[in-house]
Amino acid sequence: MAARRSGLCFALLACAALWALAPAFAGHSAQPSVRGSRVPRASATIYEIMVTNPSVGARTRLNINAATTVDEIIAKARKEMDFEMAFLDGDWFLYEMEDETKPLSGAMGQLNLRPWGPEGMELHLLYQPQGMELHLLYQPKV
């Protein structure tokens, strides 16, 4: 019986020692206050846009600001949609959903950037290889 009690005492002493050393382990440090964040917020307004590739139906949402360029949006959207293959480099164009006749260029702040909502901004990302001729398999007789 005495051996049982000495084993129990040893186990209790070991647990007490581990408990005393517990603050030395990770996760027990003082947590910073969430309310009193000392990091200043960015002054730029963040806009959420939807980028769609209508050819395959792929879509992604991106957070941008007014200084974000069209080329940056194309690069981010290609990465999100897994269109990063080297043979597809170049020849990507971004259009507003309502008007696919003229490609966008420059900073988004100059291109009618608006917050996401019912009238939010949805852009179409299209791959249009330049310099390729369209060959018709069927040529009607004239």
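This is a predicted model: local features need pLDDT of at least 70, side-chain atom pairs count only at pLDDT 80 or more; totals for chains, interfaces and linings use all residues.

Trainee: Okay, why is Thr60 called buried?

Mentor: Its relative accessible area is 8%, and buried means under 20%, so Thr60 gets that label. Thr60 is found in strand E2.

Trainee: Which residues does Thr60 touch, leaving out those up to four places away in sequence?

Mentor: Thr60 touches Ile49, Met50, Val51, Ala77, Glu80 and Met81.

Trainee: What makes Arg61 and Glu48 a salt bridge?

Mentor: Their side chains meet at 2.8 Å, N to O. The cut-off is within 4 Å, from a side-chain nitrogen of Lys or Arg to a carboxyl oxygen of Asp or Glu, so the Arg61 and Glu48 pair qualifies. The two partners sit 13 residues apart, Arg61 in strand E2 and Glu48 in strand E1.

Trainee: Are those two buried or exposed, and how do you know?

Mentor: Arg61 has 57% relative accessibility, and exposed means over 50%, so Arg61 counts as exposed. Glu48 has 22%, so Glu48 is partly exposed.

Trainee: What about Asp89 and Arg78?

Mentor: They meet in a salt bridge too, at 3.2 Å, N to O. Asp89 is in the loop between H2 and E3, while Arg78 is in helix H2, eleven residues away. At 48%, Asp89 counts as partly exposed, whereas Arg78, at 11%, is buried.

Trainee: And how do you know that Arg114 and Glu98 make a salt bridge?

Mentor: Their N to O distance is 4.0 Å, and the rule says within 4 Å, so the Arg114 and Glu98 pair is counted. Arg114 and Glu98 lie in the loop between E3 and E4, so the pair ties together parts 16 residues apart in sequence. Salt bridges that share partners join Glu96, Glu98 and Arg114 into one network. The structure holds five salt bridges.

Trainee: Last one: which residues touch the most other members of the largest nonpolar core?

Mentor: Those are Ile49, Val51, Ile64, Ile73, Leu94, Met108 and Leu125, out of 21 core residues. Strands E1, E2, E3 and E4 and helix H2 each supply at least two residues of this core, and H2 gives the largest share, four residues.

Technical notes. Residues are numbered from 1 along each chain as its sequence is written. Side-chain values use heavy atoms; hydrogens and water are left out. A nonpolar core is a set of buried Ala, Val, Leu, Ile, Met, Phe, Trp, Tyr and Cys residues joined through side-chain atoms within 4.5 Å. Buried means under 20% relative accessible area, exposed over 50%, partly exposed in between (1.4 Å probe, protein chains only). Contact means heavy atoms within 4.5 Å.
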